Amino acid sequence: MFEQLQNKFARIFKNIKGHGKISEKNISDSIREIRIALLESDVNYKVVKAFIERVKVSAAGTKVFDSVTPGQQFVKIVLDELTSFLTSNENDINLKSSTSVIVMSGLQGSGKTTTAVKLASFLKKENKRKPLIIGLDLQRPAAMDQLKVLAENNNLDYYIEKNTKDPINVLKNGISKSKEQKNDLIILDTAGRLHVDKKLISELNDIIKYSNPDEILFIADGMMGQDAVKSSSVFNESCNLTGSIITKLDGDSGGGVALSLKHVTKVPIKYITYGEKIHDIE
Ligand code: GDP
């Protein structure tokens, strides 16, 4: 899924590792190539700038030139900085409440419904939870049927209502259902729009207020590139996200969304999905 970027980095690393001694020029050449590789892979330009700055500071601080294996030392710095751009101490999903609530948010088509089902199945298996998925996407007429089919095919509890326009009422009834069935995890599949608008955000905030979630996850379409990153910051400003999930990383995107998202939202990437099948999540 990061093949493009991987190939470019492999070439840059091979080059610099080959030098027994390296000069400042070797380092600045490599840094320039890294910058180009990241930009070509659609990493946000502000993120590239921040990343390059960190590599430069780190390289200066660790005295790469005095090292016995300067090339390898430099590569290690780049890899450490890349890792810290992608990971955080809070990568694990927060399921501390006795009945945990996860809100799935994001634009239409980003993969909320399919990812809600994948996540329910994953947490049922890995965390021994008994999830209920509540369908709150009342905008898209087919959304309820899609959720029903996916949940039934995968033996998952779900709650939907048709012919209603009031998501809070559906949420209320869904929560009652979860108590009856003793579900200890509730995943809320919310409505998306083609673009972020006030109505969408206000509906989402009503849902958040009513359900008091442990996690508010932004579902970012990995194929959308920087547009996904842009909308993530709008969602984050209005809803205080706690994490994100990047979908469709099986597509031929440059991995740019993954590298940009955490830096822009300051919230951890909790999962990625990379296919249409139920287990294509990690
Ligand atoms: P929603 O509108 O946000 O609920 O989006 P959906 O869950 O309906 O997903 C939109 C489309 O993206 C569907 O056709 C999904 O099958 C597809 N999709 C979701 N996640 C992935 C993924 O990881 N890889 C691929 N290839 N397709 C995905």
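How many residues surround the ligand, and which are the closest? In this predicted model, 17 residues surround the ligand. Gly109, Lys112, Thr114, Thr273 and Glu276 are the closest.

**View 1. The shell around the ligand.** Of the residues in the shell, 9 are polar, 6 are charged and 2 are nonpolar. Helix α5, residues 112-126, supplies the largest share of the shell. That share is 4 residues.

View 2. Gly109 places a backbone N or O atom 2.7 Å from an oxygen atom of the ligand. A polar backbone atom of Gly111 lies 3.0 Å from a ligand oxygen atom. Thr114 uses its side chain: an N or O atom there is 2.7 Å from an oxygen atom of the ligand. On its own, the ligand has 590 Å² of accessible area, and the protein covers 81% of this.

**View 3. Helix α4 from end to end.** Helix α4 spans residues 70-86, 17 residues in total. From the first C-alpha to the last, α4 reaches 25 Å. This is close to the 24 Å expected at 1.5 Å a residue.

**View 4. The buried residues of α4.** Which residues of α4 are buried? They are Pro70, Gly71, Phe74, Val75, Ile77, Val78, Glu81, Leu82 and Phe85. Seen down the axis of α4, these buried residues fall within an arc of 155°, so they line one face of the helix.

Definitions and conventions: Residues numbered from 1 in each chain as written. Predicted model: local features only at pLDDT ≥ 70, side-chain atom pairs only at ≥ 80, totals over all residues. Heavy atoms only, no water. Near = heavy atom within 4 Å. Polar contact = N/O pair within 3.5 Å; in protein donor to acceptor, adjacent residues only side chain to side chain. Areas by Shrake-Rupley, 256 points an atom, 1.4 Å probe, with all protein chains shown as cover. Helix = DSSP H or I, 4+ residues; strand = E, 2+ residues; numbered from the N terminus. Nonpolar A, V, L, I, M, F, W, Y, C, P; charged D, E, K, R; others polar. Expected span 1.5 Å × (residues − 1). Buried < 20%, exposed > 50% of the residue type's maximum accessible area, 1.4 Å probe, protein only. Arc of directions from axis to C-beta.
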